[in-house]
Amino acid sequence: DVSRGVEAFLSGLPAASVYAALEGMKSAGMEPGDLGIMETLLDARSLFLTPNTTTVYGMMEIDVKDGPVVVVLPPNVLGPINDAFFRHVSDFGFVGPDEGKGGKYLFVHDTYDGDLPEGYFVVRMPTYRNVAFFRAVVQEGDLAGAVKGVKDVFRSYPLAMADNPPEQRFVNVSGVQF
């Protein structure tokens with residue numbers, strides 16, 4: 001019983017961690033599709049496992065329960081996309097399919113059987129709620145330029161709204177304690 005209890009506890013940690021991150025985003029005023037961006041970097045108040053204080057971070061929930069989600073990514077970023085159990089699904093940026101050039105991603109649930117338009121990096125997700133983080137490269141100390149580079153390009157919206165995407169919401173989460 002003790003061994004099974006320990007196994008259940010340890011097996012649940014990744015899912016509990018993602019759930020806490022997603023709920024933390026909500027507590028900061030974010031909804032799925034919003035981009036939390038550290039416009040003035042991270043500090044000791046932010047509780048993240050491996051961040052640094054010299055990089056602009058972006059974070060978001062990708063929820064595919066109601067259908068495919070488009071994410072338009074700027075160039076010069078790097079980051080993972082994880083499912084609800086913190087399992088790696090894909091990457092953004094330099095080690096992702098866009099190779100650091102940016103581009104359009106289309107996230108769909110594994111069970112989605114609708115048409116998939118061309119021109120997207122298609123990523124199939126095994127869970128509905130997913131978490132994504134990325135780091136934007138700050139070049140020559142230009143923090144404002146890195147933030148602007150993200151905000152000028154980044155978009156996230158349901159595929160059903162691709163012909164008329166809503167205005168992108170950005171939430172500055174620098175200094176926010178999740």
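This is a predicted model: local features need pLDDT of at least 70, side-chain atom pairs count only at pLDDT 80 or more; totals for chains, interfaces and linings use all residues.
A residue counts as exposed when its relative accessible area is over 50%, and as buried when that figure is under 20%. Val2 sits in helix H1, which covers residues 2-27. With a relative accessibility of 69%, Val2 lands in the exposed class because the cut-off is over 50%.

Things look rather different around strand S8, residues 129-136. Of its 8 residues, 6 are buried, so the strand is largely enclosed by the rest of the structure. Two of the pairings of S8 can be picked out here. Strand S2 (residues 56-63) pairs with S8 in the antiparallel sense, over 8 bridges; within this pairing, Asn130 of S8 has Ile62 opposite. Strand S4 (residues 77-82) also runs antiparallel to S8, and here the pairing takes 4 bridges. Ala132 in S8 is the bridge partner of Ile81.

The side chain of Glu61 meets that of Arg129 in a polar contact of 2.7 Å. Leaving aside residues up to four places away in sequence, Glu61 touches Leu22, Met25, Pro32, Gly33, Arg129 and Asn130. Charged groups join up here too: Glu61 and Arg129 are linked with Glu23 and Lys26 in a network of salt bridges.

Another acidic residue, Asp34, tells its own story. Asp34 is found in the loop between H1 and strand S1 (35-37), where it is buried with a relative accessible area of 8%. Its side chain reaches the backbone nitrogen of Glu31 at 2.8 Å, and a polar contact of 2.8 Å joins the side chains of Asp34 and Arg169. Once residues up to four places away in sequence are set aside, the contacts of Asp34 are Gly29, Met59, Met60, Gln168 and Arg169.

The link between Asp34 and Arg169 also qualifies as a salt bridge, the closest N and O atoms being 2.8 Å apart. Arg169 lies in the loop between strand S9 (155-158) and strand S10 (170-172), while Asp34 lies in the loop between H1 and S1, so this pair ties together parts that are 135 residues apart in sequence. The two partners fall into separate accessibility classes, with Asp34 buried at 8% and Arg169 partly exposed at 40%.

Asp83 forms a salt bridge with Arg87, with 2.6 Å between the closest N and O atoms. Here Asp83 is buried, at a relative accessible area of 1%, whereas Arg87 is partly exposed at 44%. The bridge between Lys101 and Glu99 has its closest N and O atoms 3.3 Å apart. In this case Lys101 is exposed, with a relative accessible area of 60%, and Glu99 is exposed as well, at 51%.

Conventions
Residues are numbered from 1 along each chain as its sequence is written. Side-chain values use heavy atoms; hydrogens and water are left out. Buried means under 20% relative accessible area, exposed over 50%, partly exposed in between (1.4 Å probe, protein chains only). Two strands pair if DSSP finds at least two bridges between them. A polar contact is a pair of N or O atoms within 3.5 Å; within protein, one must be able to donate a hydrogen and the other to accept it, and residues adjacent in sequence count only if both atoms are side-chain atoms. Contact means heavy atoms within 4.5 Å. A salt bridge is a side-chain nitrogen of Lys or Arg within 4 Å of a carboxyl oxygen of Asp or Glu.
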